[in-house]
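Visitor: I have a structure open and would like to go through it with you. Can we start with the ligand and then turn to the strands?

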Amino acid sequence: MQERLQKVLAQAGVASRRHAEELILAGRVSVDGTCVRELGVKVDAARARITVDGKPLAHRERHVYFLLNKPKGYLSTAKDERGRRTVLDLLPEVKERIYPVGRLDNHTEGLLLLTNDGALMNGLLHPRHQVEKTYIARVTPSPSAQALIQLTEGVLLEDGKTAPALVRVVGREAGEARVEITIHEGRNRQVRRMFAAVGSDVRALKRIAFAGLTLAGVKRGAHRPLTAAEVAHLEELAGVRR
Ligand code: URA
């Protein structure tokens, strides 16, 4: 994002905006090796090399937060050494170095947050904070009443018993069921493995909610920035104090 140089200097704690203007006019500020002496110049704080009296500005990247509706076929990693598509390919205009908050399998679609705020990311992923994730799973065969109770109470997986979950069938047709499941853990391939443990195969999986946020208004493959209120809500859930 392009911002006025004096604003960037002020945000970096170099000086007040007025004093930053004086520094610029005095020829003490350089951008990418070139001395800047006028006030109209705009820079991308995340990318430009800015110096004051020859000293680099302490590099503090602005925090950014996005909610993505991930389609199937995109990896939830920042980079893939085999050149496969990653979720970052869906946010080409974002210049900050963002990462997905947790993972969705390649074949899972739905809500994925991305940010460069490491403290918030770690807090949201920490098991202590028990952040809620809700999925719709299309499964076959349709689970029995007994299987639904098992899923609700916890099933034994190779990495231990799952915590209680909220489970309800939202549709049934031709041997398949659509099941809404809310979990508080974030184990690898957890939902698929939970259904496998009760004898059902997950044919399609979509995350429809994460930490109280939903996909409302965000089409498949699209994304939007979080609002300040949403970020504050996530910080509270994640135990992040600022
Ligand atoms: N559980 C899964 O099995 N896969 C996901 O992508 C997310 C949760």
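Visitor: How do the residues of the shell around the ligand divide into nonpolar, polar and charged?
Guide: In this predicted model, the shell has 4 nonpolar, 2 polar and 3 charged residues.

Visitor: Which residues are they?
Guide: The residues around the ligand are L104, D105, T108, Y135, R189, Q190, V191, R192 and L205.

Visitor: Which helix gives the largest share of that shell?
Guide: Helix α5, residues 190-197, with 3 residues.

Visitor: Which side chain has a polar atom by a ligand oxygen?
Guide: T108 does, with a polar side-chain atom 2.9 Å from an oxygen atom of the ligand.

Visitor: And what about the backbone of R189 and of R192?
Guide: A backbone N or O atom of R189 lies 3.2 Å from a ligand oxygen. For R192, a polar backbone atom is 3.0 Å from an oxygen atom of the ligand. Taken alone, the ligand exposes 240 Å², and the protein buries 96% of that.

Visitor: Where does the ligand sit?
Guide: In the largest pocket.

Visitor: Now the strands. In what order do they come in the open sheet?
Guide: The order is β3-β2-β5-β6, 4 strands with antiparallel pairing.

Visitor: Which strands stand at the edges?
Guide: β3 (34-36) and β6 (55-56). Each has a single partner strand, so one side of each is left without a neighbour in the sheet.

Visitor: How many bridges join β2 and β3?
Guide: β2, residues 29-31, pairs with β3 over 3 bridges, in the antiparallel sense. S30 has C35 in β3 as its bridge partner.

Terms used:
Residues numbered from 1 in each chain as written. Predicted model: local features only at pLDDT ≥ 70, side-chain atom pairs only at ≥ 80, totals over all residues. Heavy atoms only, no water. Pairing = 2+ DSSP bridges. Helix = DSSP H or I, 4+ residues; strand = E, 2+ residues; numbered from the N terminus. Near = heavy atom within 4 Å. Polar contact = N/O pair within 3.5 Å; in protein donor to acceptor, adjacent residues only side chain to side chain. Areas by Shrake-Rupley, 256 points an atom, 1.4 Å probe, with all protein chains shown as cover. 1 Å grid on protein atoms, 1.4 Å probe; cavity = no way out; pocket = protein on both sides within 12 Å on 5 of 7 lines; lining within 4 Å. Sits in = over half its atoms within 2 Å of the grid points. Nonpolar A, V, L, I, M, F, W, Y, C, P; charged D, E, K, R; others polar.
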